Amino acid sequence: MTVFIIRRLMQAMIVVFLMSLIVFFGVNVIGNPVDMLINPEADQAEIERTIRALGLDKPIAEQYLFFLKGIAQGDFGKSFIFGEPALKLILQHLPATIELALVSLLMAVVLGIPLGLYAGLFPEQGISRTIMASSILGFSLPTFWVGLMLIMGFSVYLGWLPSTGRGETAVFLGIESSLWTWNGLSHLLLPALNLALTNIGLVIRLSRAGVREAMHQEYIKFARAKGLPTHRIIGVHLMKNIMIPIVTVLGLEFGNLLAFSVVTETIFAWPGMGKLLIDSLLQLDRPVVVAYLMIIVLLFVAINLLVDIVYSILDPRVRLRDQGA
Amino acid sequence: MTDQSLNPEDNTAAQAVLVETPFQRFVSEYADNKIAVVSLVVLVAIVVLAILAPWITPQNPYDLAQVSIMDAAQPPGTEAFDGYTMWLGSDGAGRDLYSAILYGIRISLMVGLASGLIALIIGTAIGLVAAYAGGRVDTLIMRAVDLQLSFPAALIALMLVAALGRGIDKIIIALVVAQWAYYARTVRATALVESAKEYVEAARCLGLSHGRVIFKHVLPNCLAPLIVIGTVQTASAIALESTLSFLGVGLRQTEPSLGVLISSGREYIISGRYWISIFPGIALLLTIVSINLVGDQLRDVLNPRLKK
Amino acid sequence: MTVLSVENLQTHFFTRAGVIKAVDGVDFKLDRGEVMGLVGESGSGKSVTGFSILGLVDQPGRVAGGSIRFHGEDLVGKSEEQLRKLRGGKIAMIFQDPMMTLNPVLRIDTQMIEAIKAHENVSKREAWERARDGLGAVGIPSPEERLRAYPHQLSGGMRQRVAIAIAFLNNPDLIVADEPTTALDVTIQAQIIHVAQKMCHERGAAMIWITHDLAVVAGLANRISVMYAGRVVEQGDTDDVIDNPRHPYTVGLLGSVPSANRRGEPLMQIPGMTPNMLNLPTGCAFQARCSRASDACKQAPVPSGEGHLVRCFHPYERVSA
């Protein structure tokens with residue numbers, strides 16, 4: 001297990017290194033770093049000073065080292081708009097995004113698995129066909145449009161739920177979250193549902209496919225031949241096997257959620273890092289964009305690593321293979 | 001039925017059971033699912049409407065001379081300044097929504113198909129190279145594919161658009177870069193499976209050239225998975241383009257795809273003028289959903305593993 | 001004492017292309033402690049017969065007619081819950097491929113304990129002890145350790161022993177073994193056959209051993225039923241069937257088994273292919289491949305004979321001993 005984790009950690013570091021190369025050369029080769037990293041409203045003297053401070057007059061390899069050193073120290077430059085370190089800005093907005101992503105992930109599991117199980121166990125029924133057709137809607141519907149519809153339905157016409165902002169937060173168990181207040185919850189519901197929609201569809205399809213595949217496996221027939229009650233066959237034999245792909249995919253989807261929160265946060269004015277990214281893109285606040293990129297890469301790599309480890313715990317075959325190798 | 005029945009050489013046994021040609025069987029199996037048939041009809045209708053747009057709309061929404069600001073944000077059914085009825089209302093710039101939507105579908109479909117096709121060609125080529133070169137080249141390509149696929153296509157497209165700027169050409173580039181890896185992975189996997197099969201070995205032993213083996217034997221077998229991925233990826237390209245346009249980093253206001261139209265209606269929603277966002281949204285929805293449903297049924301029909 | 005009596009069993013699959021009569025009128029009886037070999041080619045309906053007894057026929061198949069009496073009670077038409085209580089309890093099954101039958105993500109102890117607790121309300125500790133003793137009984141060394149293993153950590157032969165141990169956990173009266181040695185090496189095959197035979201003997205369970213390999217059942221079964229295209233074509237005591245095969249198909253099967261007594265002679269083979277079950281000829285299903293077929297075979301033959309039944313118009317004569 002330790003060998004397994006160390007190997008994955010090393011792979012993760014290589015990915016981070018590669019991505020830093022790509023981001024660095026994206027900034028320096030595709031775009032002009034002076035435009036990208038320096039406030040366009042600065043005067044000539046300030047530009048000179050910043051070029052020297054950023055080391056842009058040095059050879060490219062040295063600049064890359066400089067960039068790496070900056071990352072290592074958490075220094076991505078200052079935001080032109082807010083005048084604060086870009087990293088600090090992003091970290092300030094991170095909790096709101098993670099809260100949104102986690103709640104929507106929870107919604108996907110709680111709603112998706114039972115529906116998918118049902119559709120897989122009774123594939124010929126009308127209800128199952130309806131579930132499957134809706135699941136296609138789930139990830140065919142463009143997130144942004146569904147978001148607009150949710151606002152229109154629940155905020156404008158029904159007036160039940162607020163359409164913008166995060167609402168009140170409170171601190172409970174040392175965690176600040178909107179989950180702990182009614183006001184916060186009411187603000188969270190629509191954006192979380194909006195973000196969850198794709199994944200609800202995905203979980204439904206994964207569970208159904210898993211059930212359909214597993215039902216034809218000999219071990220399910222053997223479990224029935226052992227005379228196990230249906231709830232045990234479904235709850236243990238089936239679930240444990242279909243959870244492997246679901247956990248894997250959902251783990252990876254968590255990264256997608258962070259990325260897709262860009263859309264949801266923009267629509268619902270949710271003060272997370274996705275909204276920060278779009279605002280920075282539109283206002284040409286490049287240091288924040290670069291910082292966002294590197295942070296999201298780090299998050300992704302960390303998530304992939306975690307998923308690998310959880311996967312190996314769930315599926316004993318993977319563990320053995322890695323020990324043997 | 002194994003996947004061998006897809007090879008014309010091997011389906012004598014299948015034909016003994018069912019006296020249908022593979023194509024007839026494909027059609028009858030496809031027609032089994034009523035929803036899929038309806039989706040196909042809807043999709044064809046959308047494409048036809050989009051192609052015929054200049055002849056069946058009362059207004060060319062790009063032609064400023066035909067657009068009157070007097071008609072801005074009128075509800076459905078209002079009579080336009082020029083005398084025709086705007087059945088779906090008009091947008092904030094005074095464009096007839098029905099016309100704008102049909103022209104918008106043209107742009108959305110064009111972007112989706114163009115990026116899908118380019119990504120398919122590039123991805124297929126890279127996938128075949130990986131499968132055939134093997135060794136280090138294969139490892140290198142697949143590492144790159146894995147690396148890219150570990151990031152969501154939406155994020156990659158967003159970053160590229162951030163670096164490249166707005167506009168149709170740049171959006172297509174961004175979508176191609178975001179999607180080629182899906183095709184490459186599929187083609188490589190299929191090509192590896194196919195080239196390990198005995199008939200390819202046999203073809204090689206007969207001294208057929210690599211090119212002939214690839215194009216005559218391997219590629220035709222990649223066709224089924226490519227069609228399936230192609231439909232799904234085209235739908236997602238259309239969705240992605242509209243998302244980027246909605247966020248204001250995609251197409252410009254002068255290239256009004258469905259996403260741009262929906263975005264322009266956003267500010268009117270709070271005041272209850274729903275139609276500017278809703279109708280283009282429904283058009284977008286029908287397009288994407290019908291492509292996905294068609295793709296879904298294609299996968300069920302073409303995937304030999306699920307066949308009994 | 002008759003444990004199982006199957007009469008005119010019909011299991012049909014209702015597919016889009018037509019009705020497949022996988023089992024079409026099968027009769028046999030099984031006494032306590034008796035082992036019956038059910039022999040046939042793949043597609044002959046022998047496995048479907050086995051699954052029918054346990055009520056485990058997959059959609060779109062179902063038992064369309066006949067009766068399956070277990071201790072006198074007809075299993076056909078019993079509710080799913082009643083069947084569940086029998087399965088793994090008084091009737092157990094051993095499957096073909098031990099790689100596939102044990103759930104790969106559950107430990108052996110979980111899979112054994114749940115089999116006990118599904119039928120009896122015992123403590124986990126007690127179930128665990130019975131599982132351990134069960135593994136010991138099928139000759140698995142250090143059973144405590146094996147209980148903590150996952151299936152992939154055991155060899156194929158070891159897994160099949162585990163499957164046999166699971167089948168015997170609840171002291172069944174009847175075991176249906178569906179080609180349990182086909183996926184194993186020859187040396188392991190012999191061990192598994194020996195273990196299964198020994199277990200049946202000790203516990204007094206009757207067993208149906210389904211196989212395509214006449215040689216396997218020759219030394220194991222008391223009686224043999226030969227199936228072809230959903231019907232039993234020959235049935236009798238093992239020695240009688242092996243020494244005096246009467247149906248041309250059985251003769252063909254025996255002739256195609258390599259044997260030390262006939263060294264140097266060419267092996268016989270049955271010409272042609274197994275028939276298409278969707279499109280069976282009227283009358284005897286074997287007629288197209290049979291050297292003795294005549295116009296009479298266009299009619300369906302009925303079983304004839306005393307004790308040693310044969311379903312043929314032109315059976316081979318008995319060789320007098």
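Modeller: Ground rules: residues are numbered from 1 along each chain as its sequence is written, while chains are lettered from A and ligands numbered from 1 in the order in which they are written. The model is predicted, so local features need pLDDT of at least 70 and side-chain atom pairs pLDDT 80 or more, but totals for chains, interfaces and linings use all residues.

Colleague: What makes the radius of gyration of chain C agree with a compact globule?

Modeller: The radius is taken over C-alpha atoms, and the globule rule is 2.2 Å times the number of residues to the power 0.38. For 321 residues that gives a value near 20 Å, and chain C has 20 Å, so the two agree. Its C-alpha trace spans about 65 × 50 × 40 Å along the principal axes.

Colleague: How many of the 321 residues in chain C are called buried, as a percentage?

Modeller: Buried means 20 or more other C-beta atoms, placed from the backbone, within 10 Å of a residue's own. By that test, 46% of chain C is buried.

Colleague: How do you know which residues of domain 1 and domain 2 of chain C are in contact?

Modeller: Contact means C-beta atoms, placed from the backbone, within 7 Å. That puts 14 residues of domain 1 of chain C against 13 of domain 2. The bounds, from an automatic or database domain assignment, are 2–90 + 173–310 for domain 1 and 100–169 for domain 2.

Colleague: And what does the contact between chains A and B take from each?

Modeller: Chain A gives 33 residues and chain B gives 34.

Key. Two residues are in contact if their C-beta atoms, placed from the backbone, lie within 7 Å. A residue is buried if 20 or more other C-beta atoms lie within 10 Å of its own, exposed if 12 or fewer, and partly exposed in between; C-beta atoms are placed from the backbone.
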